[in-house]
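Colleague: I'd like to learn how to read side-chain features off a model. Could you take me through a few?

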Amino acid sequence: MSNEKKGPYIKPEIKLPEITPKAIILGIVLSMVLAGANAYLGLFAGLTVSASIPAAVISMAVLSLFRKHNILENNAVQTAASAGESLAAGAIFTFPALILMGAWDDFNFWETFLISLCGGVLGVLFTIPLRSTLIVREKLTFPEGVATAEVLKSGEEGGKSIVYLIIAGLIGALTKLFGAGFQLWQETFARATFLGSKGYAFFGINLSPALVAVGYIVGLNISTLVFIGGVISWWIAIPILTAITGVPEGANAIDYGYGVWSSQIRYLGVGAMVIGGVWALISLRKSLVYAVQQAIQAFKDKDNSSQLRTEKDTPLNWVLIMVIAMIIPIFIIYQSEVAQVEISALMAVLMVIAGFLFSAVAGYMAGLVGSSNNPISGVTIATILTASLILLALMGTDSGNGAAAAILIGAVVCCAAAIAGDNMQDLKAGHELGATPQKQQIMQMVGVASAAFAIPFVMSLLNTAYGFGPATPEHPKALAAPQATLMQSVAEGVFNQNLPWDMVFAGVGIGLAIILLDEYLKSKNSTFRTPVLAVAVGLYLPFELDSAIMLGGIIAYLVSRYQKGQMQASTDPEASKQRSNRAGLLLASGLITGEALVGILLAIPVAIAGTSEVMKLIEQPLGDWPGLLVLLIICYYVYRTATRAFSTQ
């Protein structure tokens, strides 16, 4: 690796300003904006994406307006900003479940803020003792961290690169405005039919540029696996169930498919995610034990005065004090919900153990496959299922708040694990650049606190305007919140003793088969791998989301194929490829951010008027074809721009 040969970009003996007033202010603003955008995306699509590179580009463009700025200051900004989008992922996967199950009427600011804050801070703290082990000793790849470092090194292109973000942001914003705001066209293209009395066929694609952009960012491999999950659910499992039970008389084909998927088939994803979370712990057991041993040794060696600037972490005695400080408000919140001291104390202990283990797993997996492919959903489902079973044994089925208690445990663990994966990517970028780890950890805290402040307002607004879960007459355009609805179903299913265990165990079987296939591909050094989480996500997402993500993966593949074909003709093929990749990534990020921000802004008039039709321009939408045409034009624009950037000097 280049880092092993050359050392960090900024040498340890060189000291540059990292935490400055403008870096803090910009980091706070970007953290809040990206948290809001990722919250909307996750509630809509069930997937979130890393914002480190877009944050780095925005930071470079803004800081270039100042006479004094440097690369480590830029890195500090993106460190805080990316923490915001990661914390949003942890929050939206769990908190809406409390609304859906009726435990919360709305997102109380202090509860939502404190759980988000404590979970996020714990995620930062849990990974501090692991930094040296995973980044320095293990030398894991941390692909997004390395990519972010490379973008920051080429900072002179920041002004040019931000144009891609701005243009794509406007395209995503206008598409959302015309589709969801003015309601000129339907936002989903869906067709379904019964094949005789015992057959079923379905196809659908969501007409959202943001979903296509997600597929572009995660690439063809992951997009294909997500799509395969959708194929298993919608083209195999639902037709098999239909063949067994027969077609209900007078049923609407589309409504029938969603009904069967929602009540039974999506639990295949629960089983696959649970086995994925367990497998992550099993496969990483030796590394986790080693990391814990190193952390204990580092704690014993309190004298770090001789360490290089680039190796100075937050002292571990401070870490221990802050972990204890975070547990206290979490215990108080648990007690306010459960009103049993012993149960609340047990919940806090479970949260700490699961939080540390899964934060370590998230950090390690981020180093192997990147933050976007991290098994956050899997480890959260595993936590909630385990916590539900333990609480059921202690509290019984007549407990009215047992399911909510399990969700609260999962919420803290999910926030911690989400932050941990992002945290390690940022620390890897800093390791490449020569940043001071302790200062990055401070900026991560700044980003977490800023996002935790914004999340209650954003989620409360989205809940009031759109609602979560299945569409209802009151909320016809409800945000699906796929993970949260699944967490709700699992927790309530355990306490109500009506969880469809046959589907869960079938999902475990599917997950095991995928894991075995992945191990085989690993033994063959295959470039195509099958991480079980990607298929599990596809299993529990509506098919139209899977197919839109797949479309984005196909575009990414076509761009990479174009790059390979042009390599010999380029005078500097590696620089051309990086330029093309950056253009495509920033276009995709812009589409996501633009669409998400308009989705949040549209929620304001909808919440005030109490109807989603407040900005409707025509009585009946023009159908789904205009939206499909717009989406295809945007896809071509992304492909064309990314390929042109390859040959642009």
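Colleague: Let's start with threonine 94: buried or exposed?

Modeller: Before that, a caution: this is a predicted model, where local features need pLDDT of at least 70 and side-chain atom pairs count only at pLDDT 80 or more, while totals for chains, interfaces and linings use all residues. Residues are numbered from 1 along each chain as its sequence is written, and side-chain values use heavy atoms, with hydrogens and water left out. Now, buried means under 20% relative accessible area, exposed means over 50%, and partly exposed is in between (1.4 Å probe, protein chains only). Threonine 94 has a relative accessible area of 0%, so it is buried.

Colleague: Where is threonine 94, and which residues does it touch?

Modeller: Helices (H or I, at least four residues) and strands (E, at least two) are DSSP runs numbered from the N terminus. Threonine 94 is in the loop between α4 (71–92) and α5 (95–100). Contact means heavy atoms within 4.5 Å. Leaving aside residues up to four places away in sequence, threonine 94 touches Thr380, Ile407, Gly410, Ala411 and Cys414.

Colleague: How do I read aromatic pairs?

Modeller: A pair of aromatic rings is described by the distance of the centres and the angle of the planes. Rings of Phe, Tyr and Trp (its six-membered ring) pair if their centres lie within 6.5 Å; planes under 30 degrees apart are stacked, over 60 edge-to-face, and the rest tilted. The structure holds 28 such pairs. Take phenylalanine 126 and phenylalanine 356: their centres are 5.6 Å apart and their planes at 85 degrees, so the pair is edge-to-face. That pair links distant parts of the chain, with phenylalanine 126 in helix α6 (residues 109–127) and phenylalanine 356 in helix α15 (residues 341–369), 230 residues apart. Phenylalanine 126 is buried at 6% relative accessibility, whereas phenylalanine 356 is partly exposed at 23%.

Colleague: And salt bridges: how many does a search of the whole structure find?

Modeller: The test is a side-chain nitrogen of Lys or Arg within 4 Å of a carboxyl oxygen of Asp or Glu. The search finds 10. In one of them, arginine 131 and aspartate 313 have their closest N and O atoms 2.6 Å apart. Arginine 131 is in helix α7 (residues 131–137) and aspartate 313 in the loop between α13 (285–300) and α14 (316–338), 182 residues apart. Both ends are buried, arginine 131 at 2% and aspartate 313 at 13%.

Colleague: Which residues are linked with Arg131 in a network of salt bridges?

Modeller: Glu311 and Asp313.
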